[in-house]
Amino acid sequence: MQTPSSQRTGLLFGFAAYGMWGLLPLYWHALADIGATEVLAHRMVWSLPTALVIVALLRRWSWVSALVRQPKKLGLVVLASAVISLNWGLFIWAVSSDRVLESSLGYFINPLVSIAFGVLLLRERLRVAQWTAVAIGAAAVVVMTVAYGKLPWLSLCLAFSFASYGLIKKHVKLDGVEGFSAETAVQFLPALGFLVYLGSQGESSFTSDGVGNALLLACAGVATALPLIFFGSAAVRLPLSTIGLLQYLAPAFMFVLGLTVFHEEMPPERFAGFGLVWVALTILTWDALRNARRGRAELRAAAAAAAEAAVAEAADEAATTETPVAGAADR
């Protein structure tokens, strides 16, 4: 059972993790003058040494040999690396192209896509409220498509790629640090090869755009790893329902940044689409909290029934033991 102190610490870690994820557009926007592909490559390259330092400090190397001996799981890690690379690249490009609001919409839609994947691919059964939320989310996409005359493809690509990443991770079954280390190990060589090629062509920003940009690029691995570490620390201290609520912080921060810092346009049709998504997420959150309360109540009832049964059984055993003794005394 988690103590109040542990839960408070978990909340701090959770706010730190999702807050950093939500503020990442500021970081990538500082590198907007550099091509998104080069920034992505640096993020991949510098993530590996960061991961190795973390693993060395934790002294957790045993999983490496186990992973190498499982080709199927290794293949899933490669696939996860490819999918998250696509997600990272799209997000970095979106920030540099002043499309932070579309990015935030994608991460708001992501929980709904994950639910749809659960139904279609994992044969999960949804409650009525979950079906309602998914339907409203689909209606939001239709509204924005009609209003703009085209699909909000960036939002959908971000939502589907991150949901696909989560689905793959569900089958890989490596924790945060291990999964991050394995995926960045897969990304490292292709990314390094691309950066070497840019350098050979005289097109590398790392050596030509000043010390400030070089430091920002080199710290991309830390910017990637830190929120992941904080998230892992929060996940072991908080109930899943609380983690589910905290996940909306990141796209909420992105939304505020898009409006107030990057001054992106927010016409009425975009507000309508966002509004429908927020309604869907409100229904989803309400259903999750209600189901969690019901589950806790059922657990308490089961525990109370088990305790009563144990007391009754103990009483029966005591009565059975005392009866022969009383008979012997009579004789």
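I started with burial: of the 331 residues in the protein chain, 40% are buried. I note that the model is a predicted one.

I then looked up the secondary structure. The protein chain has 13 helices and zero strands. I read the order along the sequence as α-α-α-α-α-α-α-α-α-α-α-α-α. The radius of gyration came out at 26 Å, well over the 20 Å from the globule rule for 331 residues, so the protein chain is more spread out than a compact globule.

For overall extent I took the box along the principal axes. The C-alpha atoms of the protein chain fill roughly 110 × 50 × 40 Å.

The protein chain carries 23 positive and 21 negative side chains. The centres of these two sets lie 4 Å apart.

Last, I picked helix H10, residues 220-235. Its 16 residues should span 22 Å at 1.5 Å a residue, and the end C-alpha atoms are 23 Å apart, which agrees. Which residues of H10 are buried? I listed Ala-220, Gly-221, Ala-223, Thr-224, Ala-225, Pro-227, Ser-233 and Ala-234. For reading such a list, I keep in mind that an α-helix has 3.6 residues a turn, so residues three or four places apart point the same way.

Key
Residues are numbered from 1 along each chain as its sequence is written. This is a predicted model: local features need pLDDT of at least 70, side-chain atom pairs count only at pLDDT 80 or more; totals for chains, interfaces and linings use all residues. Side-chain values use heavy atoms; hydrogens and water are left out. Helices (H or I, at least four residues) and strands (E, at least two) are DSSP runs, numbered from the N terminus. The radius of gyration is taken over C-alpha atoms; the globule rule is 2.2 Å times the number of residues to the power 0.38. Buried means under 20% relative accessible area, exposed over 50%, partly exposed in between (1.4 Å probe, protein chains only). Lys and Arg count as positive and Asp and Glu as negative; His and the chain ends are not counted. The place of a charge is taken as NZ of Lys, CZ of Arg, CG of Asp or CD of Glu. The expected span of a helix is 1.5 Å times one less than its number of residues.
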